[in-house]
Amino acid sequence: MDVLNQMVAQGQFRVLKVPLGFIKILQWFFAIFAFSTCGSYSGMFRMAVECKNRTESNLSIEVEFEYPFRLHQVNFFAPTCKGGATDQFFLVGDYSSSAEFFVTIGVFAFLYSMAALSIYVFFFEKYKENNKGPLVDLGLTGVFAFMWLVSSAAWAKGLSDVKTATNPDQVITLIPACVDEGNTCREVHDPVMSGLNTSVAFGFINLVLWAGNLWFVFKETGIIAPFMRPPPPQEKPAAPEAYGQQGAYEQDPYASNQGGYQPDYNQQDAEYGQGYTQQGAPTSFSNQM
């Protein structure tokens, strides 16, 4: 307990709060759900064969099947409606390849997710050292994303075939007594396939999780870092040092915009004085006398 508290204090579980670690936890859980819902399945359906001679009838023929769905090995007995005899019949089809492939991918994805989580928590610094850890993680994540796509699609097709092969109406056609006139065959109980439908849904959810996690693992590689540098700061024009210096370079708008004659009052005063001197000063009153 002390070791766990020390790890929490050092922030080693912090990686589980970011998308890289949190999505890995989801992958771990959904991988368990995927292979467990498929690998632990067992189903049963029931039919009834009612012969013309009622004493030869069998109204409860149970057929059980399970993972890995080698249906051609599943047998059952049905009356022939001829003297009380019974015959052995087998279901049709072998769908173990797609089912086992799906479960195998789920188990390996579960193991890899658990190993990756351990590395994230205990050796995250070494994981990022020399960029080798993120590159390996990226490659394996891409492989698992592709494998989930293939295995989920294959198992979805296999499940569709399993449903057809275990449909009581389809199995009844294998019994010759059901073709004879006077005999009646019907289904009593259909197999419950909800668990297998859930396994296919979990498979495609895993596909989304592993494909989406590619981006977060790719960011840890640092390959995109040179392309995400911020642009250089733009230089701002220098502001004037003082208001007086700015005004020294400004011109009077009226001086530059108004046209026409601008009188020089100093020049007019000089001309007026010169003309007054040439005409002579007025004669004094004593000289006129």
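A disulfide here is a pair of cysteine sulfur atoms within 2.5 Å. The structure is a predicted model: local features need pLDDT of at least 70, side-chain atom pairs count only at pLDDT 80 or more, and totals for chains, interfaces and linings use all residues. Residues are numbered from 1 along each chain as its sequence is written, and side-chain values use heavy atoms, with hydrogens and water left out.

**Figure 1. Overview of the chain.** The chain has 11 helices and five strands. Helices (H or I, at least four residues) and strands (E, at least two) are DSSP runs, numbered from the N terminus. Of the 289 residues, 30% count as buried. Buried means under 20% relative accessible area, exposed over 50%, and partly exposed in between (1.4 Å probe, protein chains only). The accessible surface of the chain is about 18700 Å², and 59% of that belongs to carbon and sulfur atoms. Areas come from the Shrake-Rupley method with a 1.4 Å probe; for residues, only the protein chains shown count as cover. Take the contacts between residues at least 6 apart in sequence: 71% of them join residues at least 24 apart. Contact means heavy atoms within 4.5 Å.

**Figure 2. The disulfide of Cys 51 and Cys 81.** A search of the whole structure finds two disulfides. In one, the sulfur atoms of Cys 51 and Cys 81 are 1.8 Å apart. The pair links distant parts of the chain, 30 residues apart. Cys 51 sits in the loop between strand E1 (42-50) and strand E2 (58-66), and Cys 81 in the loop between strand E3 (75-79) and strand E4 (86-90). The link is left-handed, with -70° about the S-S bond. Both Cys 51 and Cys 81 are buried. Cys 81 counts as buried at 16% relative accessibility. Phi of Cys 81 is near 60°, a positive value in a residue other than glycine.

**Figure 3. The disulfide of Cys 178 and Cys 185.** A disulfide joins Cys 178 to Cys 185, S to S 1.9 Å. The torsion about the S-S bond is about -90°, so this disulfide is left-handed. Cys 178 and Cys 185 are both buried. With the bonded cysteines of the chain numbered in sequence order, the pairing is 1-2, 3-4.

**Figure 4. The loop between E2 and E3.** Tyr 67 and Pro 68 are joined by a cis peptide bond, with omega about 15°. Pro 68 is found in the loop between E2 and E3. Phe 69 lies in the loop between E2 and E3 as well. Phe 69 is not a glycine, yet has a positive phi of about 70°. At 0% relative accessibility, Phe 69 counts as buried.

**Figure 5. Helices H3 and H5.** Two packed helices are described by the angle between their axes and the distance between the axes. The axes of H3 and helix H5 (residues 132-165) come within 9 Å and cross at roughly 155°. Axes are lines fitted to C-alpha atoms, for helices over the stretch in contact, and angles run from 0 to 180 degrees between N-to-C directions. H3 and H5 are therefore roughly antiparallel to each other. Angles under 35 degrees count as roughly parallel, over 145 as roughly antiparallel, 65 to 115 as roughly perpendicular and the rest as oblique. The crossing of H3 and H5 is left-handed. A crossing is left-handed if the near helix is turned anticlockwise from the far one by less than a right angle, and right-handed if clockwise. Residues of H3 that meet H5 include Phe 101, Phe 102, Ile 105 and Phe 108. Their partners in H5 include Phe 144, Met 147, Trp 148 and Trp 155 among those listed for the pair.

Figure 6. The axes of helix H3 (residues 96-122) and helix H7 (residues 194-221) come within 12 Å and cross at roughly 45°. H3 and H7 are therefore oblique to each other. Their crossing is left-handed. Phe 102, Ala 109, Tyr 112 and Ser 113 in H3 meet Ser 199, Gly 203 and Trp 210 in H7. The axes of H2 and H7 come within 8 Å and cross at roughly 160°. H2 and H7 are therefore roughly antiparallel to each other. The crossing of H2 and H7 is left-handed.

**Figure 7. The surroundings of Lys 24.** Lys 24 has its place in helix H2 (residues 19-39). Lys 24 is buried, with a relative accessible area of 0%. Beyond its neighbours within four places in sequence, the contacts of Lys 24 include Tyr 112, Ser 113, Tyr 120, Asp 137, Trp 210 and Asn 213. Lys 24 and Tyr 120 are 96 residues apart along the chain, but 9.8 Å separates their C-alpha atoms.
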